[in-house]
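Please examine the structure shown below. The briefing that follows treats its helices, salt bridges and pocket in turn.

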Amino acid sequence: MSQTPIALTLDERTLAALDRHIELHRQGRSRADVIAEILSVWAASPEHTAAPDEGLRPEELNASNDS
């Protein structure tokens with residue numbers, strides 16, 4: 001998988017929470033690695049991997065499903 005670098009700005013409170021998480025659960029890992037891991041887990045969750053609901057197809061539309 002190719003990787004694309006991004007820049008991220010965090011406020012002090014969020015950065016402190018990230019550092020606590022690293023200290024408790026990911027010692028020895030860099031902030032960048034942990035953020036990438038968190039985003040990967042989030043993106044792979046079922047709610048984000050499901051196909052989007054595109055609604056009814058044109059052939060399924062009729063007066064009974066008008067709202």
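**Structural briefing**

Helix α1 comprises 14 residues and spans 20 Å between its first and last C-alpha, close to the 20 Å expected at 1.5 Å a residue. That expected span is 1.5 Å times one less than the number of residues in the helix. Helices are DSSP runs of H or I with at least four residues, numbered from the N terminus. The model is predicted, so that local features need pLDDT of at least 70 and side-chain atom pairs count only at pLDDT 80 or more, while totals for chains, interfaces and linings use all residues. Residues are numbered from 1 along each chain as its sequence is written, and side-chain values use heavy atoms, with hydrogens and water left out.

**Faces of helix α1**

- L15, L18 and I22 are buried in α1, where buried means under 20% relative accessible area, exposed means over 50% and partly exposed lies in between (1.4 Å probe, protein chains only).
- Viewed down the axis of α1, the buried residues fall within an arc of 60° and so line one face of the helix; the arc is that of the directions from the helix axis to the C-beta atoms.
- R13, R20, E23, L24 and H25 are exposed on the other side of α1.

**Salt bridges**

- The count comes to 3 salt bridges, each defined as a side-chain nitrogen of Lys or Arg within 4 Å of a carboxyl oxygen of Asp or Glu.
- R31 pairs with D19, and their closest N and O atoms are 2.8 Å apart.
- This pair links distant parts of the chain, 12 residues apart: R31 belongs to helix α2 (residues 31–44) and D19 to helix α1 (residues 12–25).
- R31 is partly exposed at a relative accessible area of 40%, and D19 is partly exposed at 29%.
- E37 and R26 form a salt bridge with an N to O distance of 2.7 Å.
- Because E37 lies in helix α2 and R26 in the loop between α1 and α2, this pair ties together parts that are 11 residues apart in sequence.
- E37 also forms a salt bridge with R29, with the closest N and O atoms 2.9 Å apart.
- Through shared partners, salt bridges join R26, R29 and E37 into one network.

**Largest pocket**

- The largest pocket holds about 470 Å³ of space.
- Among its 15 lining residues, Q3, T4, I6, A32 and A36 are the closest to the pocket centre.
- On a 1 Å grid over the protein atoms alone, a pocket is an open set of points where a 1.4 Å probe fits, with protein on both sides within 12 Å along at least five of seven lines; lining residues have an atom within 4 Å of a point.
- The lining divides into 9 nonpolar, 4 polar and 2 charged residues; Ala, Val, Leu, Ile, Met, Phe, Trp, Tyr, Cys and Pro count as nonpolar, Asp, Glu, Lys and Arg as charged, and the others as polar.

**Segment before α1**

- P5 is found in the segment before α1 and is exposed, with a relative accessible area of 76%.
- P5 and E54 are 49 residues apart in sequence and 32 Å apart in space, C-alpha to C-alpha.

Definitions and conventions:
Grid points are joined across faces, edges and corners, and a volume is the space filled by probe spheres set on the points. Helices (H or I, at least four residues) and strands (E, at least two) are DSSP runs, numbered from the N terminus.
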